[in-house]
Amino acid sequence: MGEGVIRPFETADLVAAGRLLAERQRRHRVRHPLLPAEYEDPVLALVEVTAAWETEGASGAVLVEDGEVTGYLLGAPKSSPAWGDNVWVERAGQAARDPESIRELYGVAATKWVADGKTAQYVVVPDEAELVDAWFRLGFGAQHAHAVRPVPVEPLPPRPGLTVRRARRDDIQVLAELDLVLPQYQGASPVFSAGEVPTLEEALADWEQAIDDRDYATFVAERNGVVIGSSIGCSIEKSSAHGGVAQPDNAGFLAFAAVFPQARGLGAGRALGEAVLNWAAEVGYTSVVTDWRVTNLLSSRAWPRLGFVQTFHRLHRLIGY
Ligand SMILES: CC(C)(COP(=O)(O)OP(=O)(O)OC[C@H]1O[C@@H](n2cnc3c(N)ncnc32)[C@H](O)[C@@H]1OP(=O)(O)O)[C@@H](O)C(=O)NCCC(=O)NCCS
């Protein structure tokens, strides 16, 4: 960073921020061409930054060098109690020509965030190594991964000893039991997620409605005629976590998968993930997106093995201790 001035973000900075976000998207797409090209256009990138700025409670900072805005950072709180007294820098909440300058930008923006009590901080960072490193040297660590892969060119073959099929109404009981598996696993060490675990009754009631919902493709895996796991595919539009600059064109979403503990590590997770990949190819999607907690020792290993490549890192810092 040269002789820049850092000051609070203002509405008049939006156009310049849109330009910087478009530049960032151009760099990001060199590594991940599946990410959407349209946000390389500063006019569309401006829509994304404007949405971040107009989020209730948004604030941030810009870096001005020789009269030009060369970096910005924008954060806003989320209302869900699961995130604590929080501020989120979302997918369009930052771009800087010099990645190191994000540290100065944070220095100014976080003064207000912490003064306002926003001490649980979350930042969605594109996988630019220098930018991730700069955040690392602001006390942030990895919490969550966003990833994408193309659909398979040829259908992936079935796994010996396993049957994967579409779920039916008479699977509702086991689907509900499997719904609890993910939050139960993630509530424990080493994930310690604050996500709520539904009751079995709640999960059963949800499935009574959801089983006929054609927007979701639900699969179950059977071994020796017994269901041991499930997975769900849908359109990426169903997931608020993967919009705008993070939403590949025409993408499916691997929304959920779970295998009962006693049946893990035997290939059922792969077979269920591949069922969603095959389904996505069949219905005409060109890629599939998924995400996982990086502290989840199971999904953080399984999904990269299925060919998913990380595009964004969600980093986290808790201030005060
Ligand atoms: C994630 C989950 C669905 C995977 O199912 P699984 O049946 O255990 O996975 P698989 O046996 O098919 O293994 C999938 C891949 O991960 C790899 N893998 C699994 N455990 C591993 C480990 N400890 N170290 C390294 N690789 C591992 C496997 O080798 C396999 O890759 P390969 O087929 O190329 O060899 C399952 O573990 C689960 O239900 N976890 C709890 C809920 C959850 O996290 N759901 C995912 C939500 S994002």
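User: At what angle do helix H1 and helix H2 pack, and how far apart are their axes?

Analyst: Two packed helices are described by the angle between their axes and the distance between the axes. This is a predicted model, in which local features need pLDDT of at least 70 and side-chain atom pairs count only at pLDDT 80 or more, while totals for chains, interfaces and linings use all residues. Residues are numbered from 1 along each chain as its sequence is written, and side-chain values use heavy atoms, with hydrogens and water left out. Here helix H1 (residues 14-31) packs with helix H2 (residues 42-54) at an angle of about 115°, the axes being 7 Å apart. Helices are DSSP runs (H or I, at least four residues) numbered from the N terminus, and axes are lines fitted to C-alpha atoms over the stretch in contact, with angles from 0 to 180 degrees between N-to-C directions.

User: Which residues of H1 and H2 meet?

Analyst: Contact means heavy atoms within 4.5 Å. On the H1 side the residues include Leu 14, Val 15 and Ala 17, and among those they meet in H2 are Pro 42, Ala 45 and Trp 53. The residues of this contact divide into 10 nonpolar, 2 polar and 2 charged, where Ala, Val, Leu, Ile, Met, Phe, Trp, Tyr, Cys and Pro count as nonpolar, Asp, Glu, Lys and Arg as charged, and the others, Gly among them, as polar.

User: How do the axes of H3 and H4 cross?

Analyst: The axes of helix H3 (residues 102-115) and helix H4 (residues 129-136) come within 9 Å and cross at roughly 40°. H3 and H4 are therefore oblique to each other; angles under 35 degrees count as roughly parallel, over 145 as roughly antiparallel, 65 to 115 as roughly perpendicular and the rest as oblique. Ile 102, Arg 103 and Tyr 106 of H3 make the contact with Leu 131, Ala 134 and Trp 135 of H4, a set with 5 nonpolar, no polar and 1 charged.

User: At what angle do the axes of H5 and H6 cross?

Analyst: Helix H5 (residues 172-187) and helix H6 (residues 200-210) have axes that come within 8 Å and cross at roughly 125°, which makes H5 oblique to H6.

User: Which residues come nearest to the ligand?

Analyst: A residue is near a molecule if one of its heavy atoms lies within 4 Å of it. Of the 19 residues around the ligand, Ala 257, Val 259, Gly 269, Arg 270 and Asn 296 come nearest. A polar backbone atom of Ala 257 is 2.8 Å from a nitrogen atom of the ligand, and a polar side-chain atom of Arg 305 lies 2.8 Å from an oxygen atom of the ligand.

Conventions. Helix = DSSP H or I, 4+ residues; strand = E, 2+ residues; numbered from the N terminus. Polar contact = N/O pair within 3.5 Å; in protein donor to acceptor, adjacent residues only side chain to side chain.
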